[in-house]
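Thanks for coming. I will go through one structure today, starting with some backbone details and then moving on to the overall layout.

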Amino acid sequence: MKLFVSLFCLSALLTGADAKRHRLVIWSIDGFAAGYLTNPQFQESAVWRRLLRRGKVFAPVETTIPSVTYPAHTAMVTGSETAAHQLYSNHPVDPFNLSKDGWTWYSEDIKTKPLWDIVREQGKSAANIMWPVTMLPAGRIRYHIPQFDRAKGPEELKMMRVLTTPGLHREIEIHARAALNEHVGDAERIRAGKYIWHKKKPDLMLLYNPGLDTIEHGNGAYSAPAFAHLDFLGRELEQFLRETEKHKSRERTAVLLVSDHGFMTFRGKCHPNAILKNMGYIEPAKQRWTYAFDTAGGVARLVPHGQAPDFKTREFSELLTQQCPDIEVITRDHEDFPRLRRGFDAKAKLFLVGRANVLMSAAWNKEVFLPDATGHTHGFLPDRPDMQTLAIAFTPDRKSPVKITRTKDTFRFACSWLKLRCPRGKN
Ligand SMILES: [Zn+2]
């Protein structure tokens, strides 16, 4: 009898906890490198010390091939590697710039099923605050503000009002003092997110903050402005966690802080497409191309186009080796070929990999190699320590339902926390 009673109590307790509504914020801080966790200056930040004690920290987290924003964020919402979701790069392969500096904004290019569709189909609601690759019909996400930009100024706001869930953009402008477009800061995005979270009460909210990445491209990671911005984001996050605690009698809210890549300083810039132009594969006079490299910093894949002839691998390799130091050609017989096929592009016949700190860029109308070019970026192989990132799960009991070792594990976390039936295996 005793056993029966305690089992009964246990099941009542479980039902009680279970009856609480589960909600989740996936909060992305772009460019939050794993290296911050061991950086002495970061370790002195009072707010981050409190946050790291409060959450379950995962580091290092290995990102996608390539370690760039759009493929990584797509992995987070699909649970699949780049080779499966096929959102290969931040930019389309577009040697003649027909897209006028377009990005790969459109979610129709994602070939595995994203969380927002799973959430909607299972009767739950999602909100999106400018998550990468979310140009999609507004009805697919209940509260939807896509990431998109074409220009600056007031015309841009009119465009955003058309792309957003009807009425929502204006509502956020009035109630959260945020006129959202690609050029607003993280503060406005967070204000919009908080407004939607409290007012609309979605089950899942995707919140994207690009501010740290912008600072790091300009000043480098671990720079004074980067630390200052991280402190600001930490205080905002802490405040948000406090707000969610007020509802803990009814809701179990998790905030999963994620990021997409680390950062490095490059020295020297290689333009492999300039070699393809010299070899006749890119013909500017005819606006025609049969091969182009899709470059992403430290990795590139060869993309054929139309009626492509056989690629002269040996000739290309010789030209590249003569001109670009530290860039390696990876073909079928190379030991890294299988993992590039598995992780990056299942069909590419040739990849390029930067082993040191030389950057690759897609331009074909520049010198093949610029030895003095320098700057701060990412996009190298994800197992390099400088490309590694992190994740922190803030749950009511400081436990994570899923171990996060790769950016794509974010998907599994969401499926588990929100009790979604998610595709297994290839997704
Ligand atoms: Zn990024």
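Asparagine 97 sits in the loop that runs between H5 and H6. Please keep in mind that this is a predicted model. The phi of asparagine 97 is positive, about 55°, although the residue is not a glycine. Is asparagine 97 buried or exposed? It counts as exposed, because it has 12 C-beta neighbours inside 10 Å, and the cut-off for exposed is 12 or fewer.

Glutamine 86 is also placed in the loop between H5 and helix H6, residues 115–121. Its phi is near 65°, again a positive value in a residue other than glycine. Glutamine 86 has 18 other C-beta atoms within 10 Å, so it is partly exposed. For background, most residues other than glycine have a negative phi, and most peptide bonds are trans.

Alanine 59 and proline 60 are joined by a cis bond, with omega about -5°. Proline 60 belongs to strand S2, residues 56–61. A cis bond also leads from isoleucine 65 to proline 66, where omega is near 0°. Proline 66 is in the loop between S2 and helix H4, which spans 69–78.

Now the domains. The domain assignment gives domain 1 as 21–262 + 383–417 and domain 2 as 264–377. Their C-alpha centres are 30 Å apart. Domain 1 puts 16 residues into the contact, and domain 2 puts in 23 residues. On the domain 1 side, helix H5 (82–85) and helix H10 (211–219) each supply at least two residues. By class, that side has nine nonpolar, four polar and three charged residues.

Next, a sheet. Four strands make an open, antiparallel sheet, in the order S10-S11-S13-S12. S10 and strand S11, residues 299–304, run antiparallel and are joined by five bridges. Within that pair, tyrosine 291 is opposite proline 304 in S11.

Last, confidence. The mean pLDDT of the protein is 95, and 95% of its residues reach 70 or more. Over residues 1–12, however, pLDDT is below 50, and this stretch has zero contacts in the model beyond near neighbours in sequence. Where pLDDT is low, the predicted coordinates should not be read in detail.

Methods
Residues are numbered from 1 along each chain as its sequence is written. This is a predicted model: local features need pLDDT of at least 70, side-chain atom pairs count only at pLDDT 80 or more; totals for chains, interfaces and linings use all residues. pLDDT is the predictor's confidence in each residue, from 0 to 100. Two residues are in contact if their C-beta atoms, placed from the backbone, lie within 7 Å. Two strands pair if DSSP finds at least two bridges between them. Domain bounds come from an automatic or database domain assignment. Ala, Val, Leu, Ile, Met, Phe, Trp, Tyr, Cys and Pro count as nonpolar, Asp, Glu, Lys and Arg as charged, and the others, Gly among them, as polar. A residue is buried if 20 or more other C-beta atoms lie within 10 Å of its own, exposed if 12 or fewer, and partly exposed in between; C-beta atoms are placed from the backbone.
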